Amino acid sequence: MTTPRCPGQDLRYWTPEDIYEAACAHCGGAVEFFKDDLRRKCPHCGQYTVNPHNDMACAAWCQYAPECLAQLGREMPDAGSSA
Ligand SMILES: [Zn+2]
């Protein structure tokens, strides 16, 4: 199963700050997130926890954003301008 890689999330343009740890929502353990991770499986408790820092900035222009967001049950951050 392949998903088109979002061009706004190209690793070549990342900096070390784009990878960070956040506390698991379930157990509070440290979970390593990439900035484009929407959720990640906690290595401590095995449950999925949502990335608190994902801003979905690329969704404002990415052609795949509607499908991305639909899969996540999220709405476009800048909706309403086009029919
Ligand atoms: Zn956990």
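Two residues are in contact, or touch, if their C-beta atoms, placed from the backbone, lie within 7 Å. The structure is a predicted model, in which local features need pLDDT of at least 70 and side-chain atom pairs count only at pLDDT 80 or more, while totals for chains, interfaces and linings use all residues. Residues are numbered from 1 along each chain as its sequence is written.

**View 1. Thr49 and its contacts.** Thr49 belongs to strand S4; strands (E, at least two residues) and helices (H or I, at least four residues) are DSSP runs, numbered from the N terminus. Leaving aside residues up to four places away in sequence, Thr49 touches Cys24, Ala25, His26, Val31, Arg39, Arg40 and Cys42. Is Thr49 buried or exposed? Thr49 counts as buried because 22 C-beta neighbours lie inside 10 Å. The cut-offs are as follows: a residue is buried if 20 or more other C-beta atoms lie within 10 Å of its own, exposed if 12 or fewer, and partly exposed in between, with C-beta atoms placed from the backbone. Between Thr49 and His26, 23 residues apart in sequence, the C-alpha to C-alpha distance is 7.2 Å.

**View 2. Cys42 in the loop between S3 and S4.** Cys42 lies in the loop that joins strand S3 (39–41) to strand S4 (48–50). Among the residues that Cys42 touches, not counting those up to four places away in sequence, are Cys24, Cys27, Gly29 and Thr49. Cys42 is partly exposed, because 19 other C-beta atoms lie within 10 Å. His26 also touches Cys42; the C-alpha atoms of these two residues, 16 residues apart along the chain, are separated by 8.6 Å.

View 3. Strand S1 and strand S2 (residues 30–34) pair in the antiparallel sense over 5 bridges; two strands pair if DSSP finds at least two bridges between them. Within this pairing, Tyr20 stands opposite Phe33 in S2, and Ala23 stands opposite Ala30 in S2. The hairpin has 6 residues between the strands, and Gly28 takes a positive phi near 80° there. Which residues form the covered face of S2? Val31 and Phe33 form the covered face, whereas Ala30, Glu32 and Phe34 form the uncovered one.

**View 4. Asp18 before strand S1.** Asp18 is found in the segment that precedes strand S1 (19–23). Asp18 counts as partly exposed, because it has 14 C-beta neighbours inside 10 Å. Apart from residues up to four places away in sequence, Asp18 touches Phe34 and Lys35. Asp18 and Lys35 are 17 residues apart in sequence, with a C-alpha to C-alpha distance of 5.1 Å.

**View 5. The chain and its confidence.** The chain has 1 helix and 4 strands, and its elements run β-β-β-β-α from the N terminus on. Of the 83 residues in the chain, 8% are buried. Of the contacts in the chain with a separation of 6 or more, 24% are between residues 24 or more positions apart. The mean pLDDT of the chain is 78, and 71% of its residues reach 70 or more; pLDDT is the predictor's confidence in each residue, from 0 to 100. Where is confidence lowest, and where is it highest? Confidence is lowest in helix H1 (residues 65–72), at a mean of 76, and highest in S2, at 91. Where pLDDT is low, the predicted coordinates should not be read in detail.
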